[in-house]
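Q: I am new to this structure. Can you walk me through how to read its features?

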Amino acid sequence: MLPDVPATTPVGRLAATVERLRREVRAAQAEAEGRALVELAKGILVERLGCGPAQAARQLAELTEQAQLTPLEFAVDVINQAARDRVSEITDAFLSVAAAPAGPAADSAAVRLRAAESGVLAAPDTQAMADSLLAHALRPLGAVAVAIWSAGPDGSLTLAGSAGFPPGEAARWRYVPPDVATVARRALNGPDGEWLPSLAESGLPTIGRREYADGARIAVPSGTGGRIHGVLEIAWPRPEGPLPRPVVRQVEALAELCAHTLETYAPPPGTGPEPGLLPDVVELMDLADGLHDPALVLVPYLDDAGRLVDFRIQHVNSRFLDPAGRPRAVVSGALLLEAYPMAAGASELFQRVERVHATGEPFRARRMRLTALVDEVPLSAVADISISRHGAAVLLIWRIEDETARLASLLQHAQRLGRIGGFEENLLTAEITWNGQLFSLYGRPVSSPPVALHDLPAHAHPDDAVTLGRFLRTLMHHRRPASAAFRLLRPDGVTRHMRVVAEPVLDTDGQLFGVRGAYQDISAQHWTEVALAVTRDQLAHTEQQAVERNRLALQLQHAIMPPTQAPLRVPGLQVAVRYRPAETEHLVGGDWYDAVVLPSGLVLLCVGDVAGHGIEAATSMVVLRNALRGLAVTGAGPGQLLSWLNIVAHHLTGAVTATAICGLYDGERRILRWARAGHLPPVLVREADADALPPVKGLLLGAVPEARYEETEVQLAAGDTLLMYTDGLIERRDRSVEESLSHLVETARAAPSTLDQQLDRLLTYSRSDTDDDTCIVGIRVA
């Protein structure tokens with residue numbers, strides 16, 4: 001409301017209405033962003049629990065109530081646990097530090113950062129991004145303003161977005177030329193940013209200096225992928241002491257969020273000292289200066305009608321040598337056809353540049369002949385040409401090569417990369433010639449005398465003497481090319497694995513007068529072969545261990561859960577069970593069932609599924625199955641039994657997770673009491689109809705230390721059939737759980753005459769494609 005304006009006047013009422021509408025807009029924005037975070041948390045539960053959206057919403061509500069948090073706080077906690085990214089790490093460290101007066105629980109550090117992240121990613125431009133950062137993440141820290149700077153390739157700064165500063169500041173600071181010392185410039189030049197406890201003491205100019213002259217400032221580089229795109233600058237109204245490290249890490253995370261938008265930010269037209277010199281041209285000039293080949297940066301030159309008539313040589317690098325001997329300063333800035341009139345002649349160089357600029361398709365040519373580029377200056381050289389377009393500019397590179405030097409360079413590089421050294425030995429004069437690479441392989445200085453072939457055994461491992469003797473006899477006496485692998489003992493104490501290849505050199509009379517050949521260092525190949533052999537042995541051992549573990553898991557599973565089991569005999573009730581193991585032995589799972597008559601006369605019916613496969617899942621299944629049997633003797637109801645079983649799963653089995661259904665059937669009253677823990681509901685078949693029982697609330701076993709489970713009753717009649725099963729019966733990779741459950745209900749409606757036939761029919765017509773274990777427990781009331 002306006003100051004000194006009574007609320008009862010028309011102007012006061014109008015001001016109050018505007019303020020109320022602003023509060024409603026801010027509340028609506030916060031609610032929308034919070035709703036987006038809650039929906040993201042639901043999606044995470046859908047992926048983790050393998051359930052539908054409705055079940056995920058119920059699970060989220062139950063866990064939120066048990067944790068005694070608000071839905072938004074618990075949703076952010078779920079997102080942090082799933083992401084484990086930089087934001088979650090920083091919020092974990094920030095939870096114990098308060099940089100501003102504590103607010104409501106919904107304004108916790110985790111919620112603020114996630115809300116800021118959501119707002120930044122949804123922001124349509126950098127200005128909206130600045131508004132979101134200030135509203136969600138910075139005002140709770142006591143900050144009053146924020147500026148987002150974009151760094152140009154020439155070292156300039158452009159104000160991409162700001163919030164909290166007085167009107168007109170953005171226009172005054174829209175562009176900062178290179179080499180102007182500001183707070184943001186200091187941060188851009190330092191890897192850790194710039195922290196100023198009081199802006200007045202620093203004397204540095206920056207945006208909002210008059211309004212927040214005594215306040216603290218922090219400026220942090222904003223970059224991603226090793227490249228800095230700009231600076232995030234934050235202002236406080238008063239001097240501040242050193243910020244706690246968690247707060248600094250939070251600011252760094254916000255700067256990293258800004259970098260994803262600054263990476264594609266384009267300054268408004270006309271921003272900068274030279275509107276005609278685009279940033280991509282400046283970057284291309286820097287690139288040309290780093291090349292080792294002569295390079296020219298060309299920009300199009302248009303006539304008054306806007307037609308392309310030539311290219312201006314915007315820049316030449318230090319490697320460039322003008323064919324006419326002119327200085328680089330004379331060539332730079334000239335038009336291409338003025339500096340090199342013959343570029344449009346036989347070489348067609350100008351036409352190539354023109355086509356690359358028009359189409360963007362780069363041009364590469366090996367050994368292109370450049371005839372005369374300059375009048376009366378003969379130039380007939382072979383060059384490698386590269387022409388490419390970068391934004392509005394064209395980069396022209398040519399490498400005029402000397403064939404002899406090129407081949408010698410290629411040979412030298414090939415010998416270096418292949419660790420090969422050549423030699424030649426004259427047996428008549430005892431003159432030996434080595435190249436520089438061979439001295440390096442031997443570990444000897446180039447000033448030392450080379451080693452003759454007949455002295456080679458003295459420099460090799462004693463165990464290789466026989467091999468080298470055979471090599472020398474073949475070469476010297478039989479006068480045939482030969483090769484040998486041996487271990488070279490170098491003067492520096494290093495042993496290298498070498499291969500020597502040599503051939504005899506004969507004169508016109510067929511007499512041996514010389515030998516030439518090469519050494520190659522094959523140490524890397526030798527040790528690679530040794531490592532591969534060890535790896536093969538380790539893999540074979542690991543495979544044997546895996547086979548043994550799967551065999552033990554399968555034996556344990558079959559011992560506790562045999563695929564076939566004698567039917568349970570209960571007066572007035574038919575009970576049948578089916579268990580189908582996974583088709584692949586390495587997917588031994590944790591599915592289990594049980595049907596047993598308790599001392600009280602009630603019948604315990606249950607199925608369950610432990611998460612995971614292998615020996616761990618099988619042993620966990622045994623623990624839960626036997627624990628439930630023992631707990632059922634107490635006479636407790638199914639809800640209480642699952643609560644106790646949840647404690648067993650969370651504390652006594654290494655925090656495994658599992659789903660289960662537990663039912664107690666009273667034969668005298670024909671009533672089934674049942675409860676579930678994240679499991680699919682039973683299916684009731686009555687006459688020619690079938691349907692899934694309405695699900696009751698129940699969290700999966702082992703998710704939390706303590707949980708409560710609802711239970712319900714179903715009245716059965718003579719001829720009714722009730723089916724309990726695991727998800728291996730219906731689960732498909734390409735269908736939702738609801739679709740698969742509907743198919744099971746349709747199949748169950750066509751009930752054969754006996755219960756055993758009905759269970760066999762369900763297994764036969766199952767559409768599951770996950771190769772998981774399957775358990776079915778069926779009862780039919782007589």
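A: Start with contacts, meaning heavy atoms within 4.5 Å. Among contacts in the protein between residues at least 6 apart in sequence, 59% join residues at least 24 apart. This is a predicted model: local features need pLDDT of at least 70, side-chain atom pairs need 80 or more, and totals for chains, interfaces and linings use all residues. Residues are numbered from 1 along each chain as its sequence is written, and side-chain values use heavy atoms, without hydrogens and water.

Q: How many helices and strands are there in the protein?
A: Both are DSSP runs, numbered from the N terminus: helices are H or I, at least four residues, and strands are E, at least two. The protein has 22 helices and 27 strands.

Q: What share of the residues is buried?
A: Buried means under 20% relative accessible area, with a 1.4 Å probe and protein chains only. Of the 782 residues, 43% are buried.

Q: Is strand β18 mostly covered or mostly open?
A: Mostly covered. β18 spans residues 573-580, and six of its eight residues are buried.

Q: Which strands does β18 pair with?
A: Strands pair if DSSP finds at least two bridges between them. β17 (residues 568-570) joins β18 by three bridges, antiparallel. β27 (residues 774-781) joins β18 by eight bridges, also antiparallel.

Q: What happens between β17 and β18 in their hairpin?
A: Two residues lie between the strands, and G572 takes a positive phi near 75°.

Terms used: Buried means under 20% relative accessible area, exposed over 50%, partly exposed in between (1.4 Å probe, protein chains only).
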